Amino acid sequence: MMNWLTKTSTLWWLFGLFILETIGFGVIMLIWQFEVIDEFSDPELIRAHIAAMSETQRQVHVWTTATLDVAYPLTYGPLFIGLAMRFLKPVFALPGIAVILADLMEGVVQVQLLTGNMDLLWTKAWLTPTKLLLFYLCLATAVAALIVAWRRRRA
């Protein structure tokens, strides 16, 4: 699995999918005119945002979370893991595993919130910042891996 994940072609495919999925979120938000709650962590802001959404917007958000937002960490996580494994040390891949889990757990919570079950609202207050911290750590690690790769090519 690690050999496949660190192949140049695999990394390029994952990067391409990451870009397409990122664009997908933008297109969905533009068409249905809402902002996803993926980066919201304040419980009252989340509650107010969901209350202000139409039924259609909530339904589209649920479907987006249950499909595209499941595919997203399963694309960017392996991309970050593959870059870390190929150009750095295996330990640098660990946040990539953690961010996949955090993002998927957040998705489960979001579907619950968007379908009216506010019992898990308190989890967004720590889960979303954890996911975002891990994502940005992985992104920084990926940039560092690409710098290492670039330097190796020049040497």
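Val 36, Asp 38, Glu 39, Tyr 72 and Lys 131 sit nearest the centre of the second largest pocket, which has 16 lining residues. Two or more of the lining residues come from each of α2, α5 and α7, with α7 giving the most, 4 residues.

A quick word on what we're looking at: this is a predicted model, where local features need pLDDT of at least 70, side-chain atom pairs count only at pLDDT 80 or more, and totals for chains, interfaces and linings use all residues. Numbering starts from 1 along each chain as its sequence is written, and side-chain values use heavy atoms, leaving out hydrogens and water.

**The pockets**

Rolling a probe the size of a water molecule over the atoms shows where empty space is left. Here a pocket is an open set of points on a 1 Å grid over the protein atoms alone, where a 1.4 Å probe fits, with protein on both sides within 12 Å along at least five of seven lines; lining residues have an atom within 4 Å of a point. A volume is the space filled by probe spheres set on the points, which are joined across faces, edges and corners.

| Pocket | Volume | Lining by class |
|---|---|---|
| Largest pocket | about 460 Å³ | 14 nonpolar, 1 polar and 3 charged residues |
| Second largest pocket | about 360 Å³ | 9 nonpolar, 1 polar and 6 charged residues |

In these classes, Ala, Val, Leu, Ile, Met, Phe, Trp, Tyr, Cys and Pro are nonpolar, Asp, Glu, Lys and Arg are charged, and the others, Gly among them, are polar.

The largest pocket is lined by 18 residues, and Leu 11, Trp 12, Leu 83, Phe 87 and Leu 146 are the closest to its centre. Its lining draws at least two residues from each of α2, α5 (68-87) and α7 (121-154); the largest share, 8 residues, belongs to α7.

**The helices**

The protein chain has 7 helices and 0 strands, counted as DSSP runs from the N terminus (helices H or I, at least four residues; strands E, at least two). Its C-alpha trace spans about 55 × 30 × 25 Å along the principal axes.

Helix α2 (residues 8-32) and helix α4 (residues 55-66) have axes that come within 11 Å and cross at roughly 170°. That makes α2 roughly antiparallel to α4, a label for angles over 145 degrees. On the α2 side, Phe 25, Ile 28 and Trp 32 meet Thr 56, Gln 57, Val 60 and Thr 64 of α4, with contact meaning heavy atoms within 4.5 Å. These residues divide into 4 nonpolar, 3 polar and no charged.

**Aromatic pairs**

There are 9 aromatic pairs, taking rings of Phe, Tyr and Trp (its six-membered ring) with centres within 6.5 Å. Phe 18 and Tyr 76 have ring centres 6.3 Å apart and planes at 75°, so they pair edge-to-face, the term for planes over 60 degrees apart. Phe 18 is in helix α2 and Tyr 76 in helix α5, so the pair ties together parts 58 residues apart in sequence.

Methods: Axes fitted to C-alpha atoms, helices over the stretch in contact; angles between N-to-C directions. Parallel < 35°, antiparallel > 145°, perpendicular 65-115°, else oblique. Phe/Tyr/Trp six-rings, centres within 6.5 Å; stacked < 30°, edge-to-face > 60°.
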